[in-house]
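Hi everyone, thanks for coming. I'd like to walk you through some charged pairs and then a helix packing. Have a look at the picture first.

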Amino acid sequence: MTATADVAAVLPERFPRLTARPSLDWPAFNIPPADVPAVLGHLRDALGYDLLADLTAIDAGAGRSPRFTVVWHLLSTTAHTYVRVAADCADDAVPAMPSVTGLWPGANWHEREAYDMFGITFTGHPDLRRILMWDGYPYFPLRKEFPLAGLDTDLADAEVAGETGARVKPAPYMGGPFVAPSGGPMSKAEPRARDQSWTEKEEKPE
Amino acid sequence: MKEAFCASLWLIPHMPAEHTYPDTAAKASSFAQAGEDRAAASPATEAERLSVSMGPSHPSTHGVLRMQLELDGDVVTKADPVVGYLHRGDEKIAENMTYNQFVPYTDRLDYLAPLANNVAYAIAVERLAKLEVPPRCQAIRVIVCELARISSHLMGLGAYGIDVGAWTIFLYTFTEREKLYRLFEDLTGARFPTSYTRIGGVARDVPEGWLGKVNAFCDQFLPILEEVLALLTRNKIFLDRTVDIGAIAKEDAIAYGLTGPNLRGCGVPLDLRKDRPYSGYEQYEFDVPVGTKGDCYDRYLCRGEEMRQSVRIVKKAIKNFPGGEWYAKDARKIFAPPKDKILTSMEELIQNFMLVTEGPQMPPGEVYFEAENPKGALGFYIVSKGGGVPWRLKIRSPSFCNLSILPKVCVGAMIADIVSILGSFDFVMGECDR
């Protein structure tokens, strides 16, 4: 097995389309999406990076291109070093990326999470569905245009929604994380997220 | 030099390394085999399979995990963990606040070891700022991390005892945990959500006499720990419920990204405190317990041994407790100036104002830092574009990765074993769902 320390020297020789990625700690590379299985497979089998520590995505913001970047962090359980590999999704509107579930079964849940939060489709994933949000949730919450407060949505449980008429309501905060309203009955004084649509001077719209 | 050894050997010298109990082993595999055979042989039983939703509020799921199980008689033929009931959007929240403001949110990740989360997060941001904290601060962090590990393992052990029918353990471990929470309260002002670290230091120095109290706790804790472990290690009921149950192969554990005691129980001696030391862990002598079979019993043994090793680290840290500053003094735009200076000096007042309104100023760049937390490797991936707010903060939660192996481990097990397997994983949903 090659020493993992010289991964920065070894990898670009084998994969010419790979470029260095700015990083403050570990060796990091940008690769084209088509090379993902080959590069990660080589890192795992030949260079000893056998543990997929993390898989996530970055949204550069609406209007930027390339917009979505998928990032893998690999750990070598023998040399105890990490390597970071990143690939930009080609299509900004319908982002897609090859799945690495064939290399690491543990990538299954990570890819489901990236799909859930960013809407990135992992081609070749055996069971790509939402994991943290509920099935049928219409938005991708970690995209930059999704507001922190959330958006008005149907409840996950249609039966409960039908009986109670309840909906998922946005809960924005303003000022500090949470604001305890002063005055009024004690039942209303519980600290809660404050609505952005009204202030002390303006009435809350019903 | 890593010192890896067999946990079962270490605990009970007269016991063989391979703790095989022929009856149990044969029973377990034959039941699993019988289930598979039955399912394969007759399509009639296919229709008789029972779909059971275990959780999200089931006492054995330790939080809001739901297991969607498919049963053939008592044998689990399919398991699908459903997570996300406790999703708060921590990563979204992190993108909308300054680095120091996020510290309280890290308490709520693994809420059984908030101090360890605080430390992991602070070190991650300090790596981004290329900031070194002084030795005294590092020693404080090591002590609180190890105390957090003990309290987390105590909780895990007590709850696991209840899961598998050993109720007494819970009373012992909770009494000890309570003592630890008193110490945490002395140090941080809070028992549970401690929010103790700041970027570049800690919230306050250790109070007068606190280290002595910790030392006294350690001294009285060790005999009680032995008593607790003695109640379980050779307990026939406990052995029946754990040995050869939920066994995970080394290769599978790595492929699924398991970390912490769950990985070490499978025989992989990966401990980031030893292998990639942070916060001065290289100064402390401790052993890394490693299991042999990767079953529930090995995971239990590893946790028990880790508590002993944590006590060793804490005692050493107290013995060699360094003097000097407890925060990085040169971190002017990152760590808040002392309160008396803020009230008397213009420069410090402005500095504090900027810190509160704009956050600690970070350079642009990317860092990934993993710390060896009680549940496994807690990682923070921070993408900064400069300024006081991260562009993206990804939390790599060990519980999430550890649970992802459940669909593989649970198939072929009896439904009663699910309780034992879940308990032995010692996960926290606050961290899994973020």
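**Charged pairs and a helix pair**

Let's start in chain B, where Glu370(B) and Arg396(B) join their side chains in a salt bridge, 3.5 Å from N to O. These two sit in distant parts of the chain, 26 residues apart: Glu370(B) belongs to strand 8 (residues 362-373) of chain B, and Arg396(B) to strand 10 (residues 392-396) of chain B. Before I go on, please keep in mind that this is a predicted model.

So, is Glu370(B) buried or exposed? Its relative accessible area is 5%, and the cut-off for buried is under 20%, so Glu370(B) is buried. Arg396(B) comes out at 1% relative accessibility, so it counts as buried too.

Chain B also has a network, in which salt bridges with shared partners tie together Glu146(B), Arg149(B), Arg264(B), Asp271(B), Arg273(B), Glu306(B) and Glu372(B).

Next pair, still chain B: Asp252(B) and Lys408(B) form a salt bridge at 3.8 Å, N to O. Here the partners are 156 residues apart, with Asp252(B) in helix 11 (residues 250-255) of chain B and Lys408(B) in helix 18 (residues 406-410) of chain B. Asp252(B) is partly exposed at 25% relative accessible area, and Lys408(B) is partly exposed at 42%.

Over to chain A. Asp152(A) and Arg167(A) meet through their side chains in a salt bridge of 2.7 Å, N to O. Asp152(A) lies in the loop between strand 7 (121-123) and strand 8 (153-154) of chain A, while Arg167(A) is in strand 9 (residues 167-168) of chain A, 15 residues away. Both ends are partly exposed: Asp152(A) has 36% relative accessibility, and Arg167(A) has 39%.

How many salt bridges are there over all chains? A search of the whole structure gives 45.

Now the helices. In chain B, the axes of helix 8 (residues 168-188) and helix 9 (residues 210-233) come within 10 Å and cross at roughly 165°. Angles over 145 degrees count as roughly antiparallel, so that is how helix 8 and helix 9 of chain B run relative to each other. Their crossing is left-handed.

Who touches whom? On the helix 8 side of chain B, the contact residues include Ile169(B), Tyr172(B), Leu180(B) and Leu187(B). Helix 9 of chain B brings, among them, Trp210(B), Phe217(B), Phe221(B) and Leu232(B). Sorted by type, the residues of this contact between helix 8 and helix 9 of chain B are 13 nonpolar, two polar and five charged.

Technical notes: Residues numbered from 1 in each chain as written. Chains lettered and ligands numbered in written order. Predicted model: local features only at pLDDT ≥ 70, side-chain atom pairs only at ≥ 80, totals over all residues. Heavy atoms only, no water. Salt bridge = Lys/Arg side-chain N within 4 Å of Asp/Glu carboxyl O. Helix = DSSP H or I, 4+ residues; strand = E, 2+ residues; numbered from the N terminus. Buried < 20%, exposed > 50% of the residue type's maximum accessible area, 1.4 Å probe, protein only. Axes fitted to C-alpha atoms, helices over the stretch in contact; angles between N-to-C directions. Parallel < 35°, antiparallel > 145°, perpendicular 65-115°, else oblique. Left-handed = near helix turned anticlockwise from the far one by under 90°. Contact = heavy atoms within 4.5 Å. Nonpolar A, V, L, I, M, F, W, Y, C, P; charged D, E, K, R; others polar.
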